[in-house]
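Reader: I have a protein model open and would like to learn how to read it. Could you take me through it step by step?

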Amino acid sequence: MMGSGKTTVGKIIAEVLGYSFFDSDKLVEQSVGIPSVAEIFQVHSEAFFRDNESEVLRDLSSMHRLIVATGGGAVIRPINWSYMRKGLTIWLDVPLDALARRIAAVGTASRPLLHQESGDPYAKAYAKLTALFEQRMDSYANADARVSLENIALKQGHNDVNVLTPSAIAIEALLKMESFLTEKAMVRN
């Protein structure tokens with residue numbers, strides 16, 4: 001989901017593994033020559049953005065040794081799963097309340113799916129995130145590994161996932177990756 005920390009955590013994982021890092025939203029912005037996803041939605045449409053997102057993911061799927069942070073909506077198109085399945089997919093599962101607090105704190109201007117409504121930033125972010133999650137939860141669950149920020153926080157003795165460092169989340173993601181790859185290797189043998 002938007003605001004889950006995909007880019008920040010992805011960069012850390014890429015650095016640890018010595019892989020290249022790509023943010024699919026940034027690549028779409030570069031390919032269409034418009035500086036933000038919000039502007040792409042405004043000038044063209046969400047469908048235009050999603051078409052370009054699929055093209056970017058197709059191109060990235062032919063590469064090796066990279067970490068890709070996709071947009072939160074990339075999961076809604078089955079074709080994108082065929083591209084993402086060329087590697088290992090990780091779902092950063094962040095409670096909606098925490099996402100809404102993060103997004104409300106920085107504003108919704110860069111979040112085109114949230115920016116249309118007026119009112120309290122937290123309330124509108126929470127309502128929209130809830131609706132998006134209900135639409136996408138089955139798709140997110142298709143990920144090879146799920147990193148639950150609630151579980152990490154509990155292990156560390158915290159009640160609030162927003163106190164977790166990106167490094168702590170990246171470590172958990174790396175452990176999940178290793179576990180998935182180990183299980184996959186055992187199935188092959």
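This is a predicted model: local features need pLDDT of at least 70, side-chain atom pairs count only at pLDDT 80 or more; totals for chains, interfaces and linings use all residues.

Reader: How many helices and strands does the protein have?

Author: Helices (H or I, at least four residues) and strands (E, at least two) are DSSP runs, numbered from the N terminus. Here there are 9 helices and 4 strands. Starting at the N terminus, their order is α-β-α-α-α-β-α-β-α-α-β-α-α.

Reader: What does the radius of gyration say about the protein?

Author: The radius of gyration is taken over C-alpha atoms, and the globule rule is 2.2 Å times the number of residues to the power 0.38. The protein has a value of 17 Å, close to the 16 Å that the rule gives for 189 residues, so it is as compact as a globular protein of that length. Along the principal axes, its C-alpha atoms fill a box of roughly 55 × 40 × 30 Å.

Reader: What share of the residues is buried?

Author: Buried means under 20% relative accessible area, exposed over 50%, and partly exposed in between (1.4 Å probe, protein chains only). In this protein, buried residues make up 40% of the 189 residues.

Reader: Which residues touch the most other members of the largest nonpolar core?

Author: A nonpolar core is a set of buried Ala, Val, Leu, Ile, Met, Phe, Trp, Tyr and Cys residues joined through side-chain atoms within 4.5 Å. The largest one has 32 residues, and Leu129 and Ile169 touch the most other members. Helix α6 gives the most to this core, with 5 residues. A second, separate core of 9 residues includes Val28, Ile40, Phe41 and Leu60.

Reader: What does α6 pack against?

Author: Contact means heavy atoms within 4.5 Å. The buried residues of α6 (residues 96-106) are Leu96, Ala98, Leu99, Ala100 and Ile103, and they pack against α7 (121-140). Leaving aside residues up to four places away in sequence, Leu129 touches Leu96, Leu99, Ala100 and Ile103, among others.

Reader: How far apart are the end C-alpha atoms of α4?

Author: The expected span of a helix is 1.5 Å times one less than its number of residues. For the 15 residues of α4 that should be 21 Å, and the end C-alpha atoms are 21 Å apart, which agrees. Buried residues of α4 include Phe49, Val56 and Leu57, and the elements that its buried residues pack against include β1 (20-23), α2 (24-32) and α3 (37-43).

Reader: In the loop between α4 and β2, is Ser61 buried or exposed?

Author: Ser61 is buried, with a relative accessible area of 15%. Not counting residues up to four places away in sequence, Ser61 touches Tyr83 and Lys86. Arg65 is found in that loop too, between α4 (46-60) and β2 (66-69), but Arg65 is exposed, with a relative accessible area of 52%. Arg65 also has a positive phi of about 55 degrees although it is not a glycine.

Key: Residues are numbered from 1 along each chain as its sequence is written. Side-chain values use heavy atoms; hydrogens and water are left out.
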